[in-house]
Amino acid sequence: MAGKVVLHYFNGRGKMESIRWLLTAAEVEFDEVYLTTRDQYEKLLSDGALMFQQVPMVEIDGMKLVQTKAIFKYIADKYHLYGKDIKERVKIDMYTEGLMDLMEMIMILPFSQDPKSKLDNIETKAKQRYLPVFEKALNGPVYLVGGKLSCADVLLVECTLMLEEKFPAILSEFPNVKAFQDRMTQIPSIKKFLQPGSKRKPQPDEKYVKTVMEVFKFDRLPVP
């Protein structure tokens, strides 16, 4: 029998958080090994565990998977959260890749030299480019694709909560998305994940940023 899934990343959200969410929705238990030192990172490199010298890295089914989208799709497919056919999967991919683009903008804020100037741009894009797509898609359907829970739904609820942390009233103009969020957060595994003491990570703080910069040997904030 395969061992428990193990996540190798920092003790923070970053690119691993969506994988934590997806495993939670699939009701899969996982362990975590936190990167805290440069030596740990160099050990992973010397062991050949990081194909492109990057994390996240996930140990699952006897493999060491890297690249966030590849990991995300593998888990979604393995646990039947990736549509029933190729047409559903490409719709799911379009939704998830759009969401990842938006979430990446929020994700890099702590590493930006001028985060305040970027917040306005994120809010504008969320309201004009991204949220209208999901408001239309959820005008009637309970889920985004195929009438069944998929990884796109899991990513959307994560994204909406991230947005509300920065812009608390942002969903007031998108009632279908807000109703969707309310439904999703009542799913038992997700509801538990949102409670204190779960493996969900808080918003990044100075300690998280400092650790990332030390492990990767950044001498200044990497985002202009």
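This is a predicted model: local features need pLDDT of at least 70, side-chain atom pairs count only at pLDDT 80 or more; totals for chains, interfaces and linings use all residues.

Residues are numbered from 1 along each chain as its sequence is written, and side-chain values use heavy atoms, with hydrogens and water left out.

The UniProt record, an unreviewed entry, lists residues 3–83 as "domain: GST N-terminal"; such annotations may be inferred rather than shown by experiment. Over residues 3–83 the chain is 36% helix and 22% strand, with the end C-alpha atoms 26 Å apart; here helices (H or I, at least four residues) and strands (E, at least two) are DSSP runs, numbered from the N terminus.

An open sheet of 4 strands has the order 2-1-3-4 and mixed pairing, where two strands pair if DSSP finds at least two bridges between them. Its edge strands, each pairing on one side only, are strand 2 (30–34) and strand 4, and the twist averages 20° from one strand to the next. Strand 3 and strand 4 run antiparallel and are joined by 4 bridges; Val 58 has Leu 65 of strand 4 as its bridge partner.

Helix 3 lies across strand 3 and strand 4, running at about 125° to strand 4 (axes are lines fitted to C-alpha atoms, for helices over the stretch in contact, and angles run from 0 to 180 degrees between N-to-C directions). In helix 3 (residues 68–78), the buried residues (under 20% relative accessible area, with a 1.4 Å probe and protein chains only) are Thr 68, Ile 71, Phe 72, Ile 75 and Ala 76. Seen down the axis, these buried residues fall within an arc of 130°, so they line one face of helix 3; the arc is that of the directions from the helix axis to the C-beta atoms. They pack against helix 1 (17–25), strand 3 (57–60), strand 4 (63–66), helix 4 (86–107) and helix 6 (151–166), contact meaning heavy atoms within 4.5 Å. After helix 3 comes His 80, whose phi is positive, near 60°.

A search of the whole structure finds 8 aromatic pairs, that is, rings of Phe, Tyr and Trp (its six-membered ring) whose centres lie within 6.5 Å, counted as stacked when the planes are under 30 degrees apart, edge-to-face when over 60 and tilted for the rest. Tyr 9 and Phe 10 form an edge-to-face pair, 5.4 Å centre to centre with 75° between the planes, and both residues are buried.

Notes
Buried means under 20% relative accessible area, exposed over 50%, partly exposed in between (1.4 Å probe, protein chains only).
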